[in-house]
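Biologist: I am new to this structure and would like a close look at one part of it. Please take me through it slowly.

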Amino acid sequence: MLSIVIPFYNGEKWLPILLQSLDNSISKTAHDFALEIIIIIDSEATLSTTIEQFVTQHLQSANIRYVIIKNTSNLGVARSRDIGLSHATGEYITFIDQDDYVNTNYCSILNSSLRSGADLYLLNGIIRNTLENKEIPVYYHMYRPSLKQLIYGNNILSPSFWIARTKFLKDNKIHFSLPFDNFRGIDDWYYSLQIFLHKPLKLELIPQPLIYYCIHDANFSHNLQMQFDGSIAVLEHLYEQVSDLQKKWILKRIKTFQFSKLFYLQSKKQAILQHPIIFLHFLYHYLYDTNRLIRFAHRTVIGMKIR
């Protein structure tokens, strides 16, 4: 069984689309594949009966069980995901945001892929701009991520692109909640970094686009200052847990984050003139993922603006 954790916060506009996509997908696969939907309500204003209505309307399949949990206070998406993880009973688990949805073939492809018994799967997907009704692939070229790659660039857009063995996460105490409370928007990256600190025994790639990662007018807009400072804090927290070689990667990346603060928040020209060597490292880290370059070119051609 696959457990899917869905944090819910003022998502009445989008959640039915996600639930319907899951219902459509599982209806096209074998009956031996089961889903467990764990919805974490993180809004005091949201009634559980509202979610019950969504579930009743859209999860009609006998192979979809569900659990609805309401936080006693607003805890945020990271802690909500951790609560979902603690309640998961499926052999595998993933985390899908309320405003994203899955491909019709999501369940049928996972039904065959998960039989290989890997600890971790990386899925492909589509970035969909709902405002402009345009789409581009997430990964044009699928390659095996590494800790170095994830330190140099956060190229996993959402935890929905990971499917992990639940026991692997729980045994290694991998979680989303940050060790500090003053930063937002970096818990996904923190989660991915922890996974690769523990070196999964087996990682497999699923190149078919199974996740629709949606962009719309209500997306969380990152404060760049908070993003850079939070990223540095994450790396400093992980520094003592890694090897000497990995420490070098972290120190280089911290320097480029510090450069980025000057480059984006003050003066690009001044940053380059004052730190030309670090600027080269900055470019190297920025261009480390070839998908980023192709995606930039593609979205420029079709006129798709994404943050």
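Which residues does serine 113 touch, not counting residues up to four places away in sequence?

Modeller: This is a predicted model, in which local features need pLDDT of at least 70 and side-chain atom pairs count only at pLDDT 80 or more, while totals for chains, interfaces and linings use all residues. Residues are numbered from 1 along each chain as its sequence is written, and side-chain values use heavy atoms, with hydrogens and water left out. Leaving out residues up to four places away in sequence, serine 113 touches Tyr121, Glu204 and Ile206, where contact means heavy atoms within 4.5 Å. Serine 113 belongs to helix H4, which covers residues 106–113; helices (H or I, at least four residues) and strands (E, at least two) are DSSP runs, numbered from the N terminus. Serine 113 counts as buried because its relative accessibility is 17%, buried meaning under 20% relative accessible area with a 1.4 Å probe and protein chains only.

Turning to the nonpolar residues, the largest nonpolar core has 91 residues, of which Leu35, Tyr106 and Leu169 touch the most other members; such a core is a set of buried Ala, Val, Leu, Ile, Met, Phe, Trp, Tyr and Cys residues joined through side-chain atoms within 4.5 Å. Strand S9, residues 203–215, gives this core its largest share, eight residues. Apart from this core lies another one, of five residues, among them Phe259 and Phe263. With residues up to four places away in sequence again left out, the contacts of leucine 169 include Leu85, Ile93 and Phe95.

How values were computed:
Buried means under 20% relative accessible area, exposed over 50%, partly exposed in between (1.4 Å probe, protein chains only).
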